[in-house]
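Below are some notes for a first reading of this model. Please keep the structure open beside the text and find each residue as it comes up.

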Amino acid sequence: MENVLSKEQLLEFIRKNNIQSVSDIYESLKDLFKDLLQSFLEAEIEESLGYEKYDVKNKQTTNSRNGYSQKTVKTKFGEMELDIPRDREGEFEPKIIPKYKRDISEIENKIIALYSRGMTTRDIHEQIKDIYGIEISSEMVSKITEKIIPEIREWQNRPLEKIYPFIFMDAIHYKIKDEGKIVNKAAYVVLGINIEGYKDVLGIWIGESESSKFWLGVLNDLKTRGVEEVLLFCVDGLTGLKEAIEAVFPKSDVQRCIIHQLRNSFKYVSYKHIKEFSKDFKKVYQATNEEEALENFYQVREKWGKQYPYAFRSWENNWDSLISFFKFPPEIRKIIYTTNIIEGIHRQFRKVTKTKSVFPNDIALEKMLYLATKNVVRKWTQRYRNWDIILNQLLIMYPERLREYIK
């Protein structure tokens with residue numbers, strides 16, 4: 001059975017909830033589920049009345065809230081008491097927990113699964129209707145999912161660790177409605193590997209099409225949230241990104257993604273030659289050291305340079321950023337020569353967003369990516385392979401910068 005929480009997370013959960021026995025665990029999970037159901041009920045009455053609580057200015061109905069009535073329902077966590085919202089005209093009829101229904105155990109897992117997978121509001125509406133016969137409008141589902149926005153804000157602004165030996169940065173692009181127009185925007189994703197060798201998504205920022213200026217703001221945000229030291233950034237070849245990193249973390253090394261660089265070169269190469277061209281370039285980035293890599297590069301350029309001169313220009317202009325990894329041992333090279341680690345997250349994002357050609361706003365995209373991220377990170381329970389060897393190598397290469405962070 002796959003673990004969903006790391007040992008450290010479990011210990012933190014036990015500490016916060018003062019868990020002393022198995023029954024304490026059930027009580028803690030029961031409280032979490034009760035809070036979720038209560039949020040659903042609050043979203044339902046908000047959708048029914050058409051205005052948020054205390055938002056009298058936007059009220060367009062004679063009806064209003066009228067306190068709560070208590071209701072005991074049966075769940076898989078046992079019985080729990082909920083506060084069911086009431087309205088003065090008696091028109092509000094909850095759909096998540098219908099009137100007279102006191103056993104909701106059969107729909108708990110389905111609600112949580114749909115809520116956590118980032119499904120579209122229409123999909124959730126259809127699933128609940130088809131399986132349970134409960135009619136929930138797409139608008140109400142949207143309002144329900146908006147209840148996680150404070151959770152997203154807390155996650156996005158949470159304090160980070162003081163040091164990350166490796167940070168990966170890349171962006172994925174989406175179409176979003178903005179003031180009546182459909183525009184291209186980027187989701188800026190940052191992934192870090194901490195001093196213990198565990199991966200984590202440090203944040204997702206929705207902004208203009210990818211630019212070094214926006215990345216500069218992201219980097220400053222990381223620093224504000226507590227990041228003091230990054231040994232090496234692994235990035236794509238965006239113009240100005242190296243300078244943005246140096247402005248915020250001047251001591252950090254920067255490694256441009258070799259795979260991104262190859263793809264950029266392929267734009268200038270005939271399709272019939274790409275396979276052979278790619279095979280030749282492996283001799284460059286798989287070389288033993290920088291001297292051998294440079295010699296192999298000259299050989300590849302000699303073979304293809306006259307036919308495809310522009311395929312080599314970016315390699316020549318950015319050689320220092322492309323060959324940073326040669327000063328590291330093989331175990332570290334495998335980590336940093338490509339940003340495939342973050343592209344794996346992007347593949348998961350594409351799975352949950354493939355049905356959405358255009359998002360209605362930034363928040364809609366942010367909610368879906370956050371939920372997808374939670375599902376991905378939950379599976380990251382193992383530290384990076386050979387981390388003990390990697391950490392010792394880093395201590396030799398960066399003794400002064402690392403020792404103060406080693407417990």
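This is a predicted model: local features need pLDDT of at least 70, side-chain atom pairs count only at pLDDT 80 or more; totals for chains, interfaces and linings use all residues.

1. The pairing can be followed strand by strand. Strand 4 (residues 181–193) and strand 5 run antiparallel and are joined by eight bridges. One place to check this is V189, whose bridge partner in strand 5 is I204. Strand 3 and strand 4 also pair in the antiparallel sense, over 13 bridges. Here F166 has I193 of strand 4 as its bridge partner.

2. On which strand does the pairing with strand 3 run parallel? The partner is strand 6 (residues 229–235), joined to strand 3 by five bridges. Within strand 6, V230 stands opposite Y164.

3. Strand 3 deserves a separate look. Twelve of its 16 residues are buried, so strand 3 is largely enclosed by the rest of the structure. Strand 3 and strand 4 form a hairpin with two residues between the strands, and in this hairpin E179 takes a positive phi near 55 degrees.

4. Now turn to helix 12 (residues 310–317), where S314 is found. Is S314 buried or exposed? Its relative accessible area is 16%, and buried means under 20%, so S314 counts as buried. The side chain of S314 makes a polar contact with the side chain of Q261, at 2.9 Å. Leaving out residues up to four places away in sequence, S314 touches R256, Q261, N264 and L322.

5. S314 is one of the buried residues in helix 12, along with A311, F312 and W315. These residues cover an arc of only 155 degrees around the axis, which puts them on the same side of helix 12. The background is simple: an α-helix has 3.6 residues a turn, so residues three or four places apart point the same way.

6. What do the buried residues of helix 12 pack against? They pack against strand 7, helix 9 (258–266), helix 10 (271–285), helix 11 (290–304) and helix 13 (319–322).

7. Two packed helices are described by the angle between their axes and the distance between the axes. The axes of helix 9 and helix 12 come within 8 Å and cross at roughly 150 degrees. Helix 9 contributes I258, Q261, L262, N264 and S265 to the contact, and helix 12 contributes A311, S314 and W315. By class, this contact of helix 9 with helix 12 has four nonpolar, four polar and no charged residues.

8. Helix 10 holds H273. With a relative accessible area of 16%, H273 is buried. Its side chain makes a polar contact of 2.7 Å with the side chain of Y308. Not counting residues up to four places away in sequence, H273 touches W304, Q307 and Y308.

9. K71 is buried, with a relative accessible area of 10%. K71 and K99 are 28 residues apart in sequence, and their C-alpha atoms are 9.8 Å apart in space.

10. Finally, step back to the chain as a whole. The protein chain has 18 helices and seven strands. Of its 407 residues, 46% count as buried. Among contacts with a separation of 6 or more, 65% are between residues 24 or more positions apart.

Terms used
Residues are numbered from 1 along each chain as its sequence is written. Side-chain values use heavy atoms; hydrogens and water are left out. Two strands pair if DSSP finds at least two bridges between them. Helices (H or I, at least four residues) and strands (E, at least two) are DSSP runs, numbered from the N terminus. Buried means under 20% relative accessible area, exposed over 50%, partly exposed in between (1.4 Å probe, protein chains only). A polar contact is a pair of N or O atoms within 3.5 Å; within protein, one must be able to donate a hydrogen and the other to accept it, and residues adjacent in sequence count only if both atoms are side-chain atoms. Contact means heavy atoms within 4.5 Å. The arc is that of the directions from the helix axis to the C-beta atoms. Axes are lines fitted to C-alpha atoms, for helices over the stretch in contact, and angles run from 0 to 180 degrees between N-to-C directions. Ala, Val, Leu, Ile, Met, Phe, Trp, Tyr, Cys and Pro count as nonpolar, Asp, Glu, Lys and Arg as charged, and the others, Gly among them, as polar.
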